[in-house]
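Thanks, everyone, for making the time this morning. I would like to walk you through one structure, so please have the sequence and the model open while I talk.

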Amino acid sequence: MRHFLFAAAALAAFATPAVAETIAITGGRVVVGDGTAPIDGGTVIIRDGNVIAAGASVAVPADARRIDAKGKWVTPGVFAGFTRLGLSEVDAVKGTNDKSGGKSGFSAAIDVAPAIDPFRSPFAVNRAAGVTRAVVAPEAAESIFAGQGAIADLGADSNPVTRARAFQFAEFGEDGSALSGGSRAGTHLHFRAMLREAQDYAAGRGNFDDELLKAEDAKALLNVLRGETRLLIHVEGANDMLRLIELKRDFPSVKMVFVGASEGWRIAPQLVEARIPVIASALNDLPATFEMLGATQSNIGRMKDAGVQVAIGMINDRDSHQLRYTTQYAGNIVSLQFVPGATGLTWDEAFAAISSVPADIMGVGDRFGSLKAGKAADVVIWDGDPLELSSAATTVFIDGVEQPLTNRQNRLRDRYARPTEGDLPKAYDR
Amino acid sequence: MQKKRQHKHMKSNLRWSIVAAPLALMACSNAEGPKTASATPVAKPAEKVPAPFPSTYKAYPGVATAIRNVTVYDGEGGKIDNGVVFITAGKISSVGGPETAIPAGVMVIDGTGKFVTPGIIDIHSHLGDYPTPSVEAHSDGNEATSPTTPEVWAEHSVWPQDPGFSRALANGGVTALQILPGSANLMGGRSVVLKNVYARTVQGMKFPDAPYGMKMACGENPKRVYGAKGRMPSTRMGNIAVNRQTWIKAQDYKKKRDSGKEYTRDLGMETLAGVLDGDISIQNHCYRADEMALVLDMAKEFGYKVSTFHHAVESYKIADLLRDNGVCSAVWADWWGFKMEAYDAIPENAAILQNTGACVIIHSDDENQIQRLNQEAAKAQADGRRMGINISDAEVIKWLTYNPAKALGISDKTGSLKPGKMADLVLWNGNPLSVYARPYKVWIDGALMFDASNPKIRPVSDFELGQPGEGDVK
């Protein structure tokens, strides 16, 4: 009976923070998440959903509930840089897959927020792995503009969306070409024409042409055009990125962020000059397409060394179900430091690439991604180095609320820990 | 869109969904595949026909090398601290503690802080038959024109220039791998076991004297692919029925072949008869526990043995049955949720199998994860430990070395560090079960085929020559 009414109990117990409880996590190795070195024996104070203080010599309030983290690591939760979290339960089961709304006839207007379902299993599975926030993007289907993505939290509650319509997502390169008539020339033309139409729409001009854009799409693109909404662009090849940098000159207010960017290292100085941040795939090292001929795991390290602001994301790579790979990917980037000729990140940089840097790139670094006073208390206690394969999250706070770490996979594990039946069929074992 | 979808699915898991791409192209082709095209020559059973497409692989020259002061995982569950591994003439010569004699004049490598394992073996790969770049023209893994194509051989689809072989070597320490046909078909055709050594021809990569396997597939893929064409099978019961009808034919063929009279050769039936003879192993893609149990009974009905269930995400539910039947489970650490039959996957699968005494193999089915099989194993080990199942590091290494070698019928030649075996081994720059470790040097048959400290000992396929990033660290 220990799991009786698991879901309901979890929600009741965890949905609201205990009123004005102060929590002090003491004695752990504290990682702030901003790229600075871990602090041994540090303290993190949480109150009202926020971090009050974190560091070496932090006084513990008398009324605080203490959590002893001696021998453990305390970090900001993982901020998953690019995902389709909550948009699918079983990818191949259409009714549960909301990644693409392109057949709706809309493009840029699509807003994933109402499709993000916190009761879908990937929430619980990835929460248990220390992932606390995620950038959630739609998939493109009929237009280079896929629609508006959100920032979500992985809390066990009914309100997953931290920030709706936080960005617009677009496809360039091979995928963009396929969505715009079969040539990259078409992609650029579509991009220019659709933004121009959005301006026409705003100006109330009669030549507004809804062949490419519906009014709702035009409204969404206006936000991009004015720089109020970031534009995340999936692009892999060096030439495609260079041409986008040129395109950006004609649209100086558009805030571009490149996603994927497998050949980013080849044009790192240009990325720096154009001040375009990158949410990169960590371990692409194969020429999966002709736009990824230069793919190497050293991509992130080389871009970082050149001065590019770079975070880790998982575009088109198990991006709805396996956000828990994020720490492993970061660990791999650290390992490159020990490979002759390769370029990786230091441990501190790598952790920042999955916490503060993606939050900063998405414009929410003032609230998320690091353990600093005033930021949301997304805090994870780990039983070891969080980037190491043997480690696990033991306690997870999101907005200061301690989270349940149980999920459907644990239940199956417990049922089949001894696979043979007992006095009753397995169906009675729970 | 076609290409995009294919690429996406390649990236995001699913060898099974790739089958959807070529099918669209083939929708207008003859629904009845060229079943009889292969049936021509007449043969007598007594005739000893040389095996076609024989291996031309030859070990490259190596130098007698001793690694000392190194932690050794021998692949069979043994661990030696501060050990010595000595290889000469392409073979493992001796493995032991610090007292192990090292002959004078041989190359000596100080392995302080480093680890040695046997070469990693991936029992489930599509390198070569679904190579990168993942373009339509390279989509050679599924002969999805008939639900049973035992007549096709994966080696005839393998492109030896797949850049993926080099990544599997340099980042994954993979020294041997089984290339399988895809899973669109109930009987997908013969597999081929390769040495992970580039060659101009696939024959030049073939693992000498490795037995053949035959790919079979349960569940969603065959019934979806053929059901969508309005033909059998369109259900799981159809899957089993088509299989059984085909095995009946195979028994009949075998009887004719063994009768001493002249008979007409049939390539598909030759492969199936080879399975019934026990010469060709069954490599069976099967996710769900209940379906694996049905397959085991079907195997009993027709008198063949299943070597390994691949993608066996529900093996944990019937770990005792699999143990009792001596069948291995080739599993991922934690893939789940990409399709209905992967819904009940749990990260403790491998640990529960091991704890029950069943055979565990960690496989990739993926050109990226083949570069990190050691890491996948480490995650599965850690998930076991958290549920109270403690599996030693040395035992976990067995999941990647000796167990797949055994399931492929090559454990007498490779898969563990035992004197006389092929010198297929990896020197890691740290504990291979740590995320921070990478291969430092890899030997295949005693020849140094990868050396992290020497850019010249890093293979570059024809495809990558003259391209951006040629010879990069990758």
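In helix 6 of chain B, the residues R236(B), I240(B), N243(B), R244(B), W247(B) and Q251(B) meet E291(B), L294(B), M298(B) and F302(B) in helix 8 of chain B, where two residues are in contact if their C-beta atoms, placed from the backbone, lie within 7 Å, and where helices (H or I, at least four residues) and strands (E, at least two) are DSSP runs, numbered from the N terminus. This is a predicted model, in which local features need pLDDT of at least 70 and side-chain atom pairs count only at pLDDT 80 or more, while totals for chains, interfaces and linings use all residues. Residues are numbered from 1 along each chain as its sequence is written, and chains are lettered from A and ligands numbered from 1 in the order in which they are written.

What are the distance and the angle between the axes of helix 6 and helix 8 of chain B? The axes of helix 6 (residues 236–258) and helix 8 (residues 289–302) of chain B come within 11 Å and cross at roughly 20°, the axes being lines fitted to C-alpha atoms, for helices over the stretch in contact, with angles from 0 to 180 degrees between N-to-C directions. Helix 6 of chain B is therefore roughly parallel to helix 8 of chain B, a label given to angles under 35 degrees. By class, this contact of helix 6 with helix 8 of chain B has 5 nonpolar, 2 polar and 3 charged residues, with Ala, Val, Leu, Ile, Met, Phe, Trp, Tyr, Cys and Pro counted as nonpolar, Asp, Glu, Lys and Arg as charged, and the others, Gly among them, as polar.

Turning to the two chains, 48 residues of chain A are in contact with 56 residues of chain B. On the side of chain A that touches chain B, helix 9 of chain A gives the most, with 5 residues, and by class that side has 23 nonpolar, 16 polar and 9 charged residues.

Within chain A, the domain assignment, which is automatic or from a database, gives domain 1 (1–77 + 370–430) and domain 2 (78–368). Their C-alpha centres lie 29 Å apart, and the contact takes 34 residues from domain 1 and 32 residues from domain 2 of chain A.

Finally, on confidence, the mean pLDDT of chain A, on the predictor's scale from 0 to 100 for each residue, is 94, and 94% of its residues reach 70 or more.

Definitions and conventions: Angles under 35 degrees count as roughly parallel, over 145 as roughly antiparallel, 65 to 115 as roughly perpendicular and the rest as oblique.
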